[in-house]
Amino acid sequence: MSNKIPGENPTLEDMKKMKYTWQVARESMRLFLPIFGSFRKAIADIEYEGLTIPKGWKVLWTTYESHYADDYFQDPLNFNPSRFEEPIPPYVFLPFGGGPRVCAGYQLAKLNILIFVHFIVTHYDLSLL
Ligand code: HEM
C-alpha cells in the first residue's frame, strides 16, 4: 500500500493488493482451523473405501487431515505463508468449506480480516515478549 498519506484509510483497491497479508491469513487458518468441519447427510447409499454409508446417515467432514497432509503442504507444521503463492488443489484447504454450501460470507470475511490486519499493523508496535 504505497502512495498513501500516513493515516489515510485504505480503499477496496488497496485491499486487493494485500496479497501477502491474505497468504498470512490463509496460512493461519490452515494451521489453526477456524471451524473443525461440518456435517452432511448422505442422500444416497455411498460406497467409500470398502464401506457403505447408508442413505440418511450424517457424515462429518473435517479439515484436520488435508490441512496437515504433507502430500499437499510440505513441512505442514511449519508456518510458511509463501506456500500460498502456488495454487492449492480443490477441496484441500477448506476454512470456508467448499462446494455448493461454501461459506456465503467468504468475501466479507476476507475483507474484514484484511482491514483488521491493516489497522493492527499501522496502529500498534508489536514485539515478542
Ligand atoms: C473467518 C470467518 C468465517 C469462516 C472461517 C467461515 C466458515 C464457514 C464454513 C466452513 C462454512 C461451511 C459450513 C458447511 O459447509 O457446512 C460456512 C458457511 C456459511 N457462512 Fe461462513 N465463515 C466465516 C464468516 C462468515 C461471515 C462474515 C458470514 C456472513 C456475513 C458467513 C455466512 C455464512 C453462511 C450464510 C453460511 C451457510 C452457507 C450455506 O449453507 O449455503 N460466514 N462458513
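Colleague: Which residue does the UniProt annotation "binding site" cover?

Modeller: Cys103, according to the UniProt record, which is an unreviewed entry. Keep in mind that what you're looking at is a predicted model.

Colleague: Okay, and where does cysteine 103 lie?

Modeller: Cysteine 103 sits in the loop that runs between α3 (64–67) and α4 (106–123).

Colleague: Why does cysteine 103 count as partly exposed?

Modeller: Because it has 16 C-beta neighbours inside 10 Å, and a residue is called buried at 20 or more and exposed at 12 or fewer.

Colleague: Which residues does cysteine 103 touch?

Modeller: Leaving out residues up to four places away in sequence, cysteine 103 touches Phe96, Gly97 and Ala109.

Colleague: Switching topic: how do α2 and α4 sit relative to each other, roughly parallel or roughly perpendicular?

Modeller: Their axes come within 10 Å and cross at roughly 110 degrees, so α2 and α4 are roughly perpendicular.

Colleague: Which residues meet there?

Modeller: From α2 you get Thr21, Trp22 and Ala25, and they meet Lys110, Ile113, Leu114 and Val117 of α4. That contact splits into five nonpolar residues, one polar and one charged.

Colleague: What about tyrosine 20, buried or exposed?

Modeller: Tyrosine 20 belongs to helix α2, which spans residues 19–31. With 12 C-beta neighbours inside 10 Å, tyrosine 20 counts as exposed.

Key: Residues are numbered from 1 along each chain as its sequence is written. This is a predicted model: local features need pLDDT of at least 70, side-chain atom pairs count only at pLDDT 80 or more; totals for chains, interfaces and linings use all residues. UniProt positions are given in the numbering used here, feature names are shortened, and annotations may be inferred rather than shown by experiment. Helices (H or I, at least four residues) and strands (E, at least two) are DSSP runs, numbered from the N terminus. Two residues are in contact if their C-beta atoms, placed from the backbone, lie within 7 Å. Axes are lines fitted to C-alpha atoms, for helices over the stretch in contact, and angles run from 0 to 180 degrees between N-to-C directions. Angles under 35 degrees count as roughly parallel, over 145 as roughly antiparallel, 65 to 115 as roughly perpendicular and the rest as oblique. Ala, Val, Leu, Ile, Met, Phe, Trp, Tyr, Cys and Pro count as nonpolar, Asp, Glu, Lys and Arg as charged, and the others, Gly among them, as polar.
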